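Me: I would like to learn how to read the features of a model. Can we start with charged side chains?

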Amino acid sequence: MRTSYTCENRMVETKFEINKEKKTVVCIITAINDIPNRLEKYNLADSEYDDIALDVRIYKGIAKCAPEDEWDEKYGKRLAEYRASRERQVDVNNELRSYYLQVTKNLDKLATFGLMRDPHKPERK
């Protein structure tokens, strides 16, 4: 079973591999990493992102049925997709967090040049 959808100019494809004999479902999410494009859209891209092209990333989630449990393919698909989606979200959050740290480091540099200094209230003499 294959599901794909387009969201904000990025392609995400979800594919399931079902093995009824082993009672396993594997969900493979293939997604285009468009974080550099999103940052560029808001003029937030830094020199680190200038030469990065869109790259395809693959995330895998696996659901295995315990021997004592009853096989439920529908639940297995939902669980495997959840696990793959969670892996994808962790990846995206880590990339955004590293960009955020880079930006805050640059803000500290701006402060050293006095561009973000607090204004001082004038004193009466």
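Reply: Start with the term itself. A salt bridge is a side-chain nitrogen of Lys or Arg within 4 Å of a carboxyl oxygen of Asp or Glu. Keep in mind that this model is predicted. Here Lys-15 forms a salt bridge with Glu-17, with the closest N and O atoms 3.9 Å apart.

Me: How many salt bridges does the rule give?

Reply: The count comes to 5. Another one joins Asp-91 to Arg-57, where the closest N and O atoms are 2.7 Å apart. That pair links distant parts of the chain: Asp-91 lies in helix α2 and Arg-57 in strand β4, 34 residues apart.

Me: Is Asp-91 buried or partly exposed?

Reply: Buried means under 20% relative accessible area, exposed over 50%, and partly exposed is in between. Asp-91 has 23%, so Asp-91 is partly exposed. Lys-15, at 26%, is partly exposed. Glu-17 is partly exposed as well, at 39%.

Me: What separates Lys-77 and Glu-73 along helix α2?

Reply: About one helical turn, because the two residues are 4 apart in helix α2. Lys-77 has 17% relative accessibility, so Lys-77 counts as buried. Glu-73, at 24%, counts as partly exposed. Salt bridges that share partners join Lys-20, Glu-73 and Lys-77 into one network.

Me: Which residues gather in a patch of negative charge?

Reply: For a charged patch, take residues with over 30% relative accessible area and no salt bridge, and join like charges within 9 Å. On this surface, Glu-68, Asp-69, Glu-70 and Asp-72 form such a negative patch. Take Asp-72. It sits in the loop between β4 (55-64) and α2 (73-112). Its relative accessible area is 42%, so Asp-72 is partly exposed.

Me: Let us turn to strands. How many residues of β3 are buried?

Reply: First, the general idea. In a regular strand the side chains alternate between the two faces of the sheet. Now the case. Strand β3 (residues 24-33) is mostly covered, with 8 of its 10 residues buried. β3 and β4 run antiparallel and are joined by 10 bridges. Val-25 stands opposite Ala-63 in β4.

Me: What is the phi of Lys-23?

Reply: Positive, about 55 degrees, although Lys-23 is not a glycine. Lys-23 lies in the loop between β2 (10-19) and β3. Lys-23 is partly exposed, with a relative accessible area of 26%.

Key. Residues are numbered from 1 along each chain as its sequence is written. This is a predicted model: local features need pLDDT of at least 70, side-chain atom pairs count only at pLDDT 80 or more; totals for chains, interfaces and linings use all residues. Side-chain values use heavy atoms; hydrogens and water are left out. Patches are made of residues with over 30% relative accessible area and no salt bridge: like charges are joined within 9 Å, nonpolar side chains (Val, Leu, Ile, Met, Phe, Trp, Tyr) within 5 Å. Accessible areas come from the Shrake-Rupley method with a 1.4 Å probe; for residues, only the protein chains shown count as cover. Lys and Arg count as positive and Asp and Glu as negative; His and the chain ends are not counted. The place of a charge is taken as NZ of Lys, CZ of Arg, CG of Asp or CD of Glu. Buried means under 20% relative accessible area, exposed over 50%, partly exposed in between (1.4 Å probe, protein chains only). Two strands pair if DSSP finds at least two bridges between them.
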